[in-house]
Amino acid sequence: MTTDPGHRRRGLPRTEEEATAQPAAPEPTPAPEPTASGPTPHRRRGLPRTEAEAQARAAEPPPAAPAPAVNESPAAPDTSAPAEQEVAAAEASHPAATVGLPPHKPGRRRGLPRTEAEARARKAAAGKPAAAPTSAPEAKPGLKPGRRTGLSSTPAPASATKSPPAGRRTGLGGTPAPQPAPAPPEQPKQSNTEEPVPEKLASGTPAPAETKQGAGSSVTPAAEPTREPVRAFAGRTPTQWAVLAAAAVGVVVVLAAVLVLGSRWLLGTQAGTSFLADYPGQYAQPGAPSGYPWWLNWAHFFNMFLMVLVIKTGIQIRGETRPAAYWTPRWNPKRKISLTIWTHQVLDLLWVLNGIIFVVLLIATGYWRRVVPTSWDVFPNAISAGLQYASLDWPTTGDWAHYNSLQELAYFTTIFIAAPLAIATGIRMSGLWPANNHTLNKAFPLELARAVHFPVMIYFVVFIAVHVILVFATGALRNLNQIYTGQDVTNWTGFWLFTLSLAVIIAAVFATRAVIIAPIAALFGKVGR
């Protein structure tokens with residue numbers, strides 16, 4: 001292979017034949033052997049050279065006169081004229097091949113090795129400031145001038161890929177690749193809204209008093225310390241609940257006043273008087289037993305006791321997010337329910353048992369005639385009784401013999417409509433329901449049971465509230481004696497029994513907690529977290 005004198009190989013090591021074939025290269029003189037005290041031969045860093053080139057570099061005398069930089073147009077000394085001519089010819093044929101050194105860093109060699117003439121010109125240019133280039137090659141878009149990569153001297157296009165770390169050799173050059181300068185910190189975008197400044201930094205030091213926003217560097221004072229938010233219940237604060245309660249009480253008072261005044265006005269008219277004469281509020285119930293037997297008084301107390309606890313645990317289930325404990329039955333280890341649900345279901349079973357006993361005794365003793373309507377006159381008499389209650393002119397007291405029509409309808413609805421609905425929907429939502437029976441599940445969906453169960457509970461709450469209010473409003477001592485002693489007398493015995501029963505109920509309400517219920521539930525299954 002014959003080498004073309006006009007073609008200059010850059011980068012890779014040269015052979016002895018290529019080194020001697022250069023017409024302008026002077027014959028190197030042999031350098032003295034290095035001694036312990038003598039100078040160490042100059043070892044060129046980068047791609048390897050031959051030993052003859054290293055000795056020639058060490059014995060080379062300094063130049064007599066400074067030579068211009070590579071980018072300057074004056075020619076080199078006469079000793080290297082042929083070499084400079086070759087360089088000029090190569091640059092003429094490839095105008096973008098030689099870019100030169102940056103003017104602000106003279107003498108710094110970049111890229112692959114050059115010829116001896118270029119090396120001497122570099123050394124001479126290091127002693128004086130570099131002159132501005134007379135003409136610069138036309139920059140191509142996407143190229144970085146002055147940077148040589150690979151075997152060619154053409155600048156490499158800028159790449160969006162990640163640059164290699166500093167100190168690693170890229171390509172065939174011996175110098176480390178320069179590490180790209182870090183990007184300047186990004187300026188925050190200007191915002192029209194002020195962001196709150198934290199009271200303390202992560203290290204615990206106070207936050208700065210002022211912050212800069214956007215490019216305009218507008219200074220704003222630090223935000224004031226925020227107060228701890230007030231705890232809310234069901235999305236409202238205690239103050240909001242108090243305002244709502246006060247508003248509700250005001251609305252009830254206004255409606256009650258309107259109802260009382262309107263009822264009095266209606267019953268005072270001729271039509272109202274005639275209606276009261278035809279329908280006094282109750283109709284004749286032949287064959288109905290009178291009075292209150294002992295079993296009815298005890299069933300009444302147990303019903304009130306269990307009903308309050310059932311309502312309390314039912315409301316607790318609806319608002320419970322993390323149960324205090326769980327209960328697992330012994331006969332079904334895979335089933336696991338909260339301890340509150342277990343308490344609610346046990347109370348339901350006791351309430352159902354008490355109701356079954358009550359209904360059986362109603363039928364056996366004939367007392368059902370007092371709570372089951374036997375004539376259509378019950379409806380107009382119920383309206384008459386309701387108007388008398390609303391006007392605060394109570395209906396004729398005949399509770400000892402039989403109830404008025406409004407009481408009769410209320411007791412019938414509670415015993416034979418509301419109670420069965422509560423039992424059926426409760427069983428549908430409990431573990432007693434066969435979950436794998438698709439026919440029953442389709443006939444009685446779970447969503448329907450949940451939609452009915454809660455309104456039934458609201459009905460029981462309203463019934464109990466109205467019942468207690470009327471007991472105290474229509475003669476408390478006489479009514480309490482009928483309920484607790486079974487006697488139609490007026491004394492304080494029934495009142496003290498009522499007070500004792502109320503204390504028992506309140507104690508039971510506070511006793512239905514996990515620490516007391518857990519040992520009882522452990523007798524029937526496993527209690528744990």
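Predicted model: local features only at pLDDT ≥ 70, side-chain atom pairs only at ≥ 80, totals over all residues.
Trainee: Why are helix 7 and helix 13 called roughly perpendicular to each other?

Mentor: The axes of helix 7 (residues 294-319) and helix 13 (residues 476-484) cross at roughly 100° and come within 7 Å. Angles of 65 to 115 degrees count as roughly perpendicular, and the two helices are therefore described in that way.

Trainee: How do you know that helix 7 meets helix 13, and which residues take part?

Mentor: Contact means heavy atoms within 4.5 Å. On that basis Asn 297, His 300 and Met 304 in helix 7 meet Gln 482, Ile 483 and Tyr 484 in helix 13. By class, this contact has 3 nonpolar, 3 polar and no charged residues.

Trainee: What makes helix 13 roughly perpendicular to helix 14?

Mentor: Helix 13 packs against helix 14 (residues 493-511) at an angle of about 65°, and their axes are 7 Å apart. The class of roughly perpendicular runs from 65 to 115 degrees, so helix 13 is roughly perpendicular to helix 14. The crossing of helix 13 with helix 14 is left-handed.

Trainee: Which residues of helix 13 meet helix 14?

Mentor: Leu 477, Leu 480, Asn 481 and Tyr 484 do so, and their partners in helix 14 include Phe 495, Leu 497 and Phe 498. The contact of helix 13 with helix 14 comprises 6 nonpolar, 4 polar and no charged residues.

Trainee: What makes strand 5 and strand 7 a pair?

Mentor: A pair needs at least two bridges. Strand 5 and strand 7 (residues 525-528) are joined by 4 bridges and run antiparallel, with Pro 329 opposite Gly 525. Strand 5 (residues 326-329) is also joined to strand 6 (residues 337-338) by 2 bridges, again antiparallel.

How values were computed
Residues numbered from 1 in each chain as written. Heavy atoms only, no water. Axes fitted to C-alpha atoms, helices over the stretch in contact; angles between N-to-C directions. Parallel < 35°, antiparallel > 145°, perpendicular 65-115°, else oblique. Nonpolar A, V, L, I, M, F, W, Y, C, P; charged D, E, K, R; others polar. Left-handed = near helix turned anticlockwise from the far one by under 90°.
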